[in-house]
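Here is a short report on one protein chain. Keep the structure open as you read and find each part as it is named.

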Amino acid sequence: MPVARPEPQEPRVIAHVDMDCFYVQVEQRRNPALRGQPTAVVQYNDWKGGGLIAVSYEARKFGVKRSMRGDEAKTVCPSINLVQVPVARDKADLNVYRSAGSEVVAILATKGKCERASIDEVYLDLTDAAKEMLLESPPELLELIFEEATKSNILGLPSDVSNKEDSVKAWLCRTDADYQDKLLSCGAIIVAQLRVRVLEETQFTCSAGIAHNKMLAKLVSGMHKPAQQTVVPSSAVQDFLVSLPIKKMKQLGGKLGSSLQDDLGVNTVGDLLSFTEEKLQEYYGVNTGTWLWKIARGISGEEVEDRLLPKSHGCGKTFPGPKALKDNASVKTWLDRLCEELSERVQSDLNQNKRIAQTLTLYARACKKNGCDSIKKFPSKSCPLRYGTGKIQEDAMKLFESGLHDFLGSQITKWSITSLSVSASKIFDIPSGTSSILRYIKGPNSTVSPANLDCSLHEDLSLGNKLYIAPNHEEHCEPSSSEKGDHGNNSILAKQSQAKEEKKMSKKLTEVKGTCSILKFLSQSPPALNEKRKFDSLMCSHPGPESSSEANKAEDHTPTQSVDRNNFSTGGGTSASSSPWMLNVEDIDPAVVEELPPEIQREIHGWIRMPKHSSSKARGSTISSYFQPAKRS
């Protein structure tokens, strides 16, 4: 239920910018031959010519409406051009329209706080920009008023005046206007400038509403279309709202609006004015009652959110009539397609905008063949979102099966799905100041280049429990300084021997393309001053105090994983004796692995088989517990 928000103490200037038949404009820009012609954009479903989702103003003059299908539109307007939306994965692909909308948002956001409400509409908080303009160059002192601003529609001004532009200019430049109206005048000029800039840079026209709150700006933005703007002075609010149908108000188009009509006989906002705040609270509760009382008077404290990106990502598909899905296999086929698109979008959002989605939700509409309990809806189901197409597909199918179980209950009957969608929500920015773990592995002075990320992990699946990582052929293990003195030119032979062994091993190993090995970054760590290395076949050993017998004990401990530490900087230690660097699966804490970046998690799981049951050995609950300050002896 709606809740009343406190109204700001200072007057605001809020604009709602709405693109004119946006989908058609995008197609006209892609194909300029469509400009000036009756045009409509139709859905991917070609039944009866496809459903119209956008109709140009030229086609509307012939009586074409969005509620029509393509065949009916051709009957009404034989010359209409029907353009089908792009299709991907057997469903509509709206990416071209999203990208075009982003172009517009980038321009509008230059003047104030910007909230992208949908693909083709935006809210702007122009309060600061209007105050700055009023302070530096108030409209009443301007010799020339921006021409597009003089074409504004001002509610409360006579509409039948012979020279409308002169009347609007006089209103914008009033010296006796109150502070609120002067801010609105500045806002009207700023919005007009933005609209012209949008047209020049994107070829798109848009309409706008300018008022002191979001509610009023939204209500009037579509009053004068296309390519016009409407201003709502405070003095005109009551006259504007009194005859407005109650269902036109935001959040009153559904059950709450129907309740007002059925229970209280309220059909217009003016009818709502006859009820006291206490009476409305009695019917709808304190919060909603106060909200209803305020909106009837044009009062709204809802703020413009500073959001250029969507709050969620969603992909859906409808299956009307005979196309309904009637078994798990067909549902899985479509869920996999939807999840594939969703995965691409959340991954793109992560890469481009550094945002992470945390919740995966499945929605569906379903019916039972026997018609019993037909009112019961298919419940939506949610779970934490795991990145990766396969994981999202797996989780979505589990959510569907859970929802289907709740939908059917104890009944054993046939069912059909008429709508299916998945969404990713609870999207948050990655906190500033966070760095990749690679930065700490490589050292603060090192950089990670795209070339470094293009590496492969080689795994010999036939080597049993032990895993060997093929060395990077661009780098070589060097003998320790003592070995250089003892062997002299033998180091060259050792390198040649190493290269031959690496070549043999690389032929045996299966290359997994697209996987970035963490060892790649370990191997590129800057060498320590006192580093000593010993080459032993494919194994790069690290010096340490342990004896060879202790190394043998480590090898005898099972299960173990042997990892090539080629060029790994260990530093410290002067003993010539050394043992291979061994990794015991039992020593790996799954809780720590889960805190690593997804790509590193996948690689670690590729190296080893994580134990199903955690070891009894004491472990830290988080990765931070392994980095506690060392105790002084």
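Predicted model: local features only at pLDDT ≥ 70, side-chain atom pairs only at ≥ 80, totals over all residues.

Start with helix H4 (residues 95-108) and helix H7 (residues 179-202), which pack at an angle of about 140°. Their axes are 10 Å apart. The crossing of H4 past H7 is right-handed.

Which residues of H4 and H7 meet? From H4 come Glu 103, Val 104, Ile 107 and Leu 108. From H7 come Leu 194, Arg 197, Val 198, Glu 201 and Thr 202. Sorted by class, the residues of this contact are five nonpolar, one polar and three charged.

## The largest core

The largest nonpolar core has 51 residues. Leu 108, Leu 124 and Phe 204 touch the most other members. Several elements give two or more residues to this core, among them strand S1 (14-19), helix H1 (22-30), H4, strand S8 (121-125) and helix H5 (127-136). Helix H6 (164-172), H7 and strand S10 (206-211) are also on that list. The largest share, ten residues, comes from H7. In soluble globular proteins, nonpolar side chains tend to be buried together.

Now look at Phe 204. Leaving out residues up to four places away in sequence, Phe 204 touches Met 19, Phe 22, Gln 25, Val 26, Arg 29, Ala 100, Val 104, Val 198 and Leu 199. Another core lies apart from the largest one. This other core has 33 residues, including Leu 338, Ala 364, Met 397 and Leu 420.

## Helix H1 and its cover

On the H1 side, the contact uses Phe 22, Tyr 23, Val 26, Glu 27, Arg 29 and Arg 30. On the H4 side, it uses Val 96, Tyr 97, Ala 100, Gly 101 and Glu 103. The classes are six nonpolar, one polar and four charged residues.

Val 13 sits in the segment before S1. Is Val 13 buried or exposed? Its relative accessibility is 0%, so Val 13 counts as buried. Val 13 and Ala 211 are 198 residues apart along the chain, yet their C-alpha atoms are separated by 6.0 Å. Beyond its neighbours up to four places away, Val 13 touches Leu 124, Asp 125, Leu 126, Thr 127, Ala 130, Leu 183, Leu 184, Gly 187, Ile 210 and Ala 211.

Thr 413 lies in the loop between helix H15 (389-408) and strand S15 (415-429). Its relative accessibility is 19%, and buried means under 20%, so Thr 413 counts as buried. Setting aside neighbours within four places in sequence, Thr 413 is in contact with Lys 368, Lys 369, Asn 370 and Leu 408.

Most residues other than glycine have a negative phi, and most peptide bonds are trans. Cys 21 is not a glycine, but its phi is positive, at about 30°. Cys 21 is in the loop between S1 and H1. With 14% relative accessibility, Cys 21 counts as buried.

Asp 90 also has a positive phi, of about 65°, although it is not a glycine. Find Asp 90 in the loop between strand S5 (87-88) and strand S6 (91-92). Asp 90 is partly exposed, with a relative accessible area of 45%. A cis peptide bond joins Lys 225 and Pro 226, with omega about -5°. Pro 226 is in the loop between helix H8 (214-221) and strand S11 (229-231).

## The whole chain

How many helices and strands are in the protein? There are 23 helices and 22 strands. Of the 633 residues, 44% are buried. Take the contacts with a separation of 6 or more: residues 24 or more positions apart account for 71% of them.

Technical notes
Residues numbered from 1 in each chain as written. Heavy atoms only, no water. Axes fitted to C-alpha atoms, helices over the stretch in contact; angles between N-to-C directions. Helix = DSSP H or I, 4+ residues; strand = E, 2+ residues; numbered from the N terminus. Left-handed = near helix turned anticlockwise from the far one by under 90°. Contact = heavy atoms within 4.5 Å. Nonpolar A, V, L, I, M, F, W, Y, C, P; charged D, E, K, R; others polar. Core = buried A, V, L, I, M, F, W, Y, C linked by side-chain atoms within 4.5 Å. Buried < 20%, exposed > 50% of the residue type's maximum accessible area, 1.4 Å probe, protein only.
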